[in-house]
Amino acid sequence: MITPTTLILASLCTVSLAAVHSGKASADWISSSRTTEAEMPVMTGIRLAVDEGYHTYWINPGEGGMKMSVKWDLPEGWVAGDPQYPVPKRFVTADLPGFGYEGTVVFPVNLTPPEDFSGVAVLKGKVTWLTCDDKGCIPGNADLELTLTEGAPAPAAEAKVIDAALRKIPLTPGNRISLKVVETPETLVLSVEGLAKTNVNLAEYEVFPATPEVIDAGAKIQFIDEGAKWTAEVPKSEYAPKKVSELTLVLAGKSDQAPISLTWKATGD
Amino acid sequence: MKTILLSTIAGAFALVSANAADIGQAAPAFSAKDLKGREVSLSDLKGRTVVLEWVSFDCPFVKKHYGSGNMQKLQSDAGSKDVVWITVNSVAKGKPGYLETSKMAELATEKGVKSTHFVMDTDGAIGKAYNAKVTPHMFIISKEGTLAYDGAIDSKATTGEADVSTADKLFANALEAVLAGKEVENAKNQPYGCGVKY
């Protein structure tokens, strides 16, 4: 139940270096180093600690939900990369299939100082997210700040947290591994080539559609071994475009193999 | 006993037709009483464009569109063009956000709802016939009684009011096309919002 008081609290944004609690999560901005030099990128992370019983959302939130996003306010010349989204889990909220996170999740963000960086830089980002449980959804937001000082990079206390987060970010393999998509009226036939001579067993991978509104969010994606390639047939999303032109899948192994990301784009007719 | 049971079942079927809602097909028929006690029946609305809007006022995505005044503006603009706008609440009794009819009427007044009718669909019959998934989920029914739009209110699946002005106005554009007798582009798209609490 949302009371007027919680609504007021949720709408206030506090600028703080410590974690900011809003909606049903706490947010802070951590960095692998507190120092850096001109043009030397620093890996940082937006960390959300979601209250027990709630979840927040992946880049493809599924049906309903909303992905975490950041609006940057950086000193001149600084460049922020896109936030990276770790491998999610599946859940169903109020009958709607979704993808996202429970507990603590860290979204790595790469920041690059300009060539004339010196002294101290105060970086700002307004983070917005949505937390839901079966009863309802509550948005949260936080104005976060990160201060970086000129100097040789050195691991900060949170460097290990960021390293662990990076291991959950899907990697794009070389061109030898490829995804192909063939459309039928109701389904998509997915095939992955280039794994025949590796020990990768895609049947054991959990597979997520990173592109929204192409594959039915509630459908499990199960690859089967056909020798030269792995294939899976999945139901299309009822909101799929008339002609599917692009699909990115995230595949996560059950063991400690790095998750991978495969993208297919239709070639021009 | 048997007779009563049979007539109850027959009554339930009379309220909502069993067809699923598909673009270009006949929109599922329904009849209900609105918050003011007026009878609303889709079959009586032939010849007029009808909008269905699913609502739940404690949903942050709904708050975005009522808090910014976007929804009320769409409702009054539509009303000025002879569109019948039906706001539907399908929250089941006992589910989060459920309100008695009188409380819902008070809240609708407080929010400045400008729709033609506000219908309590507590048993979820209308919502399920249309497969209304989230709040807000928008539908447009043409003058001929066919489904012309099933989708999102706009393109930005966020809760921030500032995003209303910069989003692609999917629903508003669709309504404009329907009223102009043109084909709707993107007639079916994924709505965003909070799951309907059936």
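**Where the chains meet**

Start with a salt bridge: the side chains of A:Glu238 and B:Lys133 pair up at 2.4 Å, N to O. Here a salt bridge is a side-chain nitrogen of Lys or Arg within 4 Å of a carboxyl oxygen of Asp or Glu. Between chain A and chain B the count is 3 salt bridges.

A word on the ground rules: this is a predicted model, where local features need pLDDT of at least 70 and side-chain atom pairs pLDDT 80 or more, while totals for chains, interfaces and linings use all residues. Residues are numbered from 1 along each chain as written, chains are lettered from A and ligands numbered from 1 in written order, and side-chain values use heavy atoms, leaving out hydrogens and water.

Now zoom out. The contact (heavy atoms within 4.5 Å) draws 19 residues from chain A and 20 residues from chain B. Together the two chains bury about 1700 Å², with 58% of it on carbon and sulfur atoms; that is the accessible area (1.4 Å probe) lost on being put together, summed over both. On the chain A side, A:Met66, A:Glu238 and A:Tyr239 supply 30% of the buried area, more than any other three residues.

Away from that, look at helix α2 (residues 159-166) of chain A, where A:Ala159, A:Ile162 and A:Ala165 are buried, meaning under 20% relative accessible area (1.4 Å probe, protein chains only). Helices are DSSP runs of H or I with at least four residues, and strands are E runs of at least two, numbered from the N terminus. Down the axis of α2(A), the buried residues fall within an arc of 120 degrees, so they line one face of the helix; the arc is taken over directions from the helix axis to the C-beta atoms. Their cover includes β3 (25-31), β5 (42-50) and β11 (104-112) of chain A.

Definitions and conventions
Buried < 20%, exposed > 50% of the residue type's maximum accessible area, 1.4 Å probe, protein only.
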